[in-house]
Amino acid sequence: MILLKSLTGKEFYLNSDLIYRVEKEYDTLITLIDQKTIWVQESPEEIRDKVIQFKNQVYRQPWEVKE
């Protein structure tokens with residue numbers, strides 16, 4: 001899950017596996033696989049980076065984990 005901010009500034013977690021599309025309008029619009037939409041403050045690039053970082057944490061090999 002990735003941490004995002006709504007346009008009102010409220011933080012929430014989104015399951016990144018539910019993202020269908022991310023578009024840059026005046027703000028960033030996330031369309032989910034069920035066609036629901038969410039407006040967020042983060043740029044599409046920030047969202048991409050957060051998803052990559054999350055996936056790397058989840059799929060990291062046990063011997064690569066740093067404590």
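Which pattern does the chain follow when read along the sequence? The pattern is β-β-β-β-β-α, and the chain has one helix and five strands. Helices (H or I, at least four residues) and strands (E, at least two) are DSSP runs, numbered from the N terminus.

**Basis of the model**
- This is a predicted model, in which local features need pLDDT of at least 70 and side-chain atom pairs count only at pLDDT 80 or more, while totals for chains, interfaces and linings use all residues.
- Residues are numbered from 1 along each chain as its sequence is written, and side-chain values use heavy atoms, with hydrogens and water left out.

**Burial**
- Of the 67 residues in the chain, 22% are buried (under 20% relative accessible area, with exposed over 50% and partly exposed in between; 1.4 Å probe, protein chains only).

**Strands β1 and β2**
- Strand β1 runs antiparallel to β2 (residues 11-14), joined to it by four bridges; two strands pair if DSSP finds at least two bridges between them.
- Leu4 stands opposite Phe12 in β2.
- Five residues lie between the strands of this hairpin, where Gly9 takes a positive phi near 95 degrees.

**Thr31 in strand β4**
- Thr31 belongs to β4 (residues 28-32) and is buried, with a relative accessible area of 3%.
- Beyond its neighbours within four places in sequence, Thr31 is in contact (heavy atoms within 4.5 Å) with residues including Leu18, Tyr20 and Lys36.
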